[in-house]
Each structure stands twice: as structure tokens, then as C-alpha cells.
Amino acid sequence: MPGFELFGEAERKEVLDVLDTGVLMRYGFDGMRNGHWKAKELEKELQNKLKVKHAQLTTSGTTALNVALAVLGVGSGDEVIMPTFTFVASFESIINAGATPVLVDIDDTLTLDPKAVEAAITKKTKVIMPVHMCGSMADLDALKALCDKHNIFLLEDACQAYAGTYKGKALGTIGDVGCYSFDYVKTITCGEGGALVTNKSDLAVNADHYSDHGHDHVGNDRGAEGHPFIGYNYRISELNAAVGLAQVKRTDEFISIQRKHKKILKEALSTVTDVSFRRIPDEEGDSATFLSFFMPTAELSNKVVKAFQEYGIDAYWNYFDNNWHYIRKWNHLKELKTLFPLSAEIKKGMQDLKNMEFKQSDDYISRNISCLIKLSWTEEEVHEKAKKMVEAIKSVL
Ligand SMILES: *Cc1c(COP(=O)(O)O)cnc(C)c1O
């Protein structure tokens, strides 16, 4: 991660196709577009690459989540279980749906702890939303078993784990619906963009309509199309899709570079006894966008962060005090600061959040350091980085 590092000729060519015709919209204008359907082609590429029946592009990963929750029928009175460590988009999309986010501890996978999820299930729970953070996956077998047992939907937020797999299946394609982000800093980019995937045709049809104002896309006169239900506009533009079309074809190239780089760093850090690694339920399926490891104590991880600075190492995070990824700094959520009134159900459902403690999450997140794996490093640079990281960690032990 991220695909923008290797932006080049292929991306230029796809964008120029669109600029040559001037058809920037994904629907209609058949005569003018000279055979270019970038959004449709990208959807097909995603279906083939991820081995999934349906892919629906959207304007972002966040709007893909909005569409996903809508097609799962999530709304007023429903609860959606989400992790304490994620990106703010998780609760944004749940609140956008009019539903109540239920925040739950993570474990040493840095994703939802199935035991904590089970304890949080109520009659109102409609969806479990694992977030495959930092390139690797949640324990999907355990979460799926809970969904089956309690008749709940599984919605995978695979925004950070595009092209990762779990037991041979693409992350995002195992639940009822999965979502990806192709924003500027993700594994592949459209500039801005996202996608929803599903193997369920009824959900796919509704996603297609919902993301385009409810258009049923029947016939070839857009103005005369029907609107079976109220939708929204989450259409991606052809320009963004064109960039993504070039990038999606480079997926294997990107992933293999990441895996090669990560392996070198991980092997080096394995020699330090006080370093332990994030548990990955299926190591083979790791998309290798990050190397995430734990120090024995929060104090030591703080010292490592400082040492990394001193040793000139870049692109690593400890998320404990991060504004965007961890619950501790989400005061706007805890205080329900919105520009508009929220339903009584959400207010009631979330009234206790500001007083809740997440000791297990705090423990893992405070001891965690996640290092971004860059595509643009040379092999020499990776080895140099590995050496410096080991020296920096050893300097604080
Ligand atoms: C990036 C991201 C999103 C949202 O994607 P955007 O395309 O930026 O809206 C959602 N969830 C996670 C985990 C992300 O990392």
C-alpha cells in the first residue's frame, strides 16, 4: 500500500480514453463514448479478480458501506456491531443508516474479538461488521458462525484489505456483503472511489438502483426509467473509474511487492525476543500492506516510537491517541455531535458509550505499532530499514 506510489503510463492511458470522448458519466451517452465504459469494465475486473458474482462501484469506501447497510435493510431501531479500532467511516455509515453502532473490543488480530461480539448481540442486532484493519483479516469462521446462529448479516469492511484472502476466498466476498475503498491511500486507488461486492443477486440489484437515485436501469432512455424505491447518488465518475481500471490490473504486482518487503521486515524483527506479531487467522491471505507488532508494555511501545523517530524510520503508527482510528479520541461520537437531530433510539442506545471502558482494546492498541509497507522501496532500502528497526527496538530494551 498505497497504489498511488506506482502511478504511471497505464493510468494516464485509461484517463485519456475518457478525456478523448468527454463522457465523464458511467451511464448513457452510448453514441458518444466510443466504446469506453470504464466503471462497467472495472466492476467486471473486480468480479473476476475477487471471484465474486457482483461488484458495484461507488464514490468512496464510506458510501459503499452506506449502500451495503441500505441493501441489508438496516435502519431505525437496528444495531450494528463494529470494532473499537477501525476508521470513523464505520460509525458514520451506521448513523447515516439511522441505526445504532455498538462498539466492541478487538483482540490480538487487531479486529473484532468474537467473544466480545457474542456478548454484545441483542434482539436488535442486524449486522456484524468486522473491519479487516491494516491489511489482514478478522476471524471470519468464528464471526460467520455467530451470524448463522443468530440470523444476523455479516458485512465485511475490507477497505484496508483489498486482495487479501481467507482460506482461499477474497476478503470481502465471505460475508453477505463486502466493501472496499479505492481512496488515494489504499492498496489500489481511483483517486476517490469504493466498491461493494456480493454473491446475492437481489442485494446486487438493489445496490445498483440505490447508488443511482433508485434508477431501475431498464431500457435506454434514462429519463423514462422507473424508480422502484428511494435511492441516492453514489455514482463514481468515469475519470475515477479509469484510474482504478489501470490499477486493478496491477493488483498482483502490488501484492507481491508488499509480501516480499513485509517478509524481509518480519524476519528481521522476529530476531528480537520482546517483539510479538499480530495474530493473522490465515497468514497466506495477508495482503501485507502493514507489519503490525506488539511490545510487551505500552511504555516500551512508546519508547520504540521515539526510537524510530531518532533512527529516521518513517510510516509507522501507534494508534492509541489517534483521532481517526481508535475510540479513545472519538469524543464527537461519544457526545453525539451531529448537525441534525438523532433518533431517540440512537440516543438511548449510545448513552453509555462515553463511560464505557475497553481495557482489552486499550491493551492491544497501546502496545501495537503498525508499519506501512511501501511499494516504492528498493530491496536495498527494505534491508536497510529492517536493520534500523531492529537497532531502534534493541536500543530501548
Ligand atoms: C479508508 C477506509 C474507509 C473509507 O473509505 P473512503 O474511500 O476513504 O471513504 C472505511 N473503512 C476503513 C477501514 C478504511 O480504512
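Me: Where does Q47 lie in this predicted model, and why is Q47 called partly exposed?

Reply: Q47 is placed in helix α2, which covers residues 38–50. The model is a predicted one. The relative accessible area of Q47 is 21%. Buried means under 20% and exposed means over 50%, with partly exposed in between; Q47 is therefore partly exposed.

Me: How many residues apart are Q47 and C371 in sequence, and what is their distance in space?

Reply: Q47 and C371 are 324 residues apart in sequence, and their C-alpha atoms are 30 Å apart in space.

Me: What makes G226 partly exposed, and where is G226 found?

Reply: G226 belongs to the loop between α7 (201–210) and α8 (238–248). Its relative accessible area is 26%. Because this value falls between the limits of 20% and 50%, G226 counts as partly exposed.

Me: Why is T198 called buried?

Reply: T198, a residue of strand β9 (residues 194–198), has a relative accessibility of 3%. The term buried applies under 20%, so T198 is buried.

Me: What makes the approach of D176 to T198 close enough for a polar contact?

Reply: The backbone oxygen of D176 is 2.8 Å from a polar atom in the side chain of T198. The cut-off for a polar contact is 3.5 Å, so this distance is within the limit.

Me: Which residues are closest to the ligand, and how is the shell around the ligand divided?

Reply: The ligand is surrounded by 14 residues, and the closest are G61, T62, S181, D183 and K186. The shell divides into 5 nonpolar, 6 polar and 3 charged residues.

Me: Why is the pair of Y162 and Y180 called edge-to-face?

Reply: The whole structure holds 12 aromatic pairs. In the pair of Y162 and Y180, the ring centres are 5.8 Å apart and the planes are at 90°. Centres within 6.5 Å make a pair, and planes over 60 degrees apart make it edge-to-face, so the term applies. Y162 is in the loop between β5 (153–157) and β6 (165–166), while Y180 is in strand β8 (residues 177–181); the pair therefore ties together parts 18 residues apart in sequence.

Me: Why is the pair of Y180 and F182 called stacked, and what makes these two residues buried?

Reply: The planes of Y180 and F182 are 5° apart, and their centres are 6.4 Å apart. The limit for stacked is under 30 degrees, so this pair is stacked. Y180 has a relative accessible area of 0% and F182 has 1%; both values are under 20%, so both residues are buried. Y162, Y180 and F182 form one aromatic cluster.

Me: Which ring does K266 lie over?

Reply: K266 lies over the face of F277, at 5.0 Å from the ring centre.

Note on methods:
Residues numbered from 1 in each chain as written. Predicted model: local features only at pLDDT ≥ 70, side-chain atom pairs only at ≥ 80, totals over all residues. Heavy atoms only, no water. Near = heavy atom within 4 Å. Nonpolar A, V, L, I, M, F, W, Y, C, P; charged D, E, K, R; others polar. Phe/Tyr/Trp six-rings, centres within 6.5 Å; stacked < 30°, edge-to-face > 60°. Helix = DSSP H or I, 4+ residues; strand = E, 2+ residues; numbered from the N terminus. Buried < 20%, exposed > 50% of the residue type's maximum accessible area, 1.4 Å probe, protein only. Lys NZ or Arg CZ within 6 Å of the ring centre and 35° of its normal. Polar contact = N/O pair within 3.5 Å; in protein donor to acceptor, adjacent residues only side chain to side chain.
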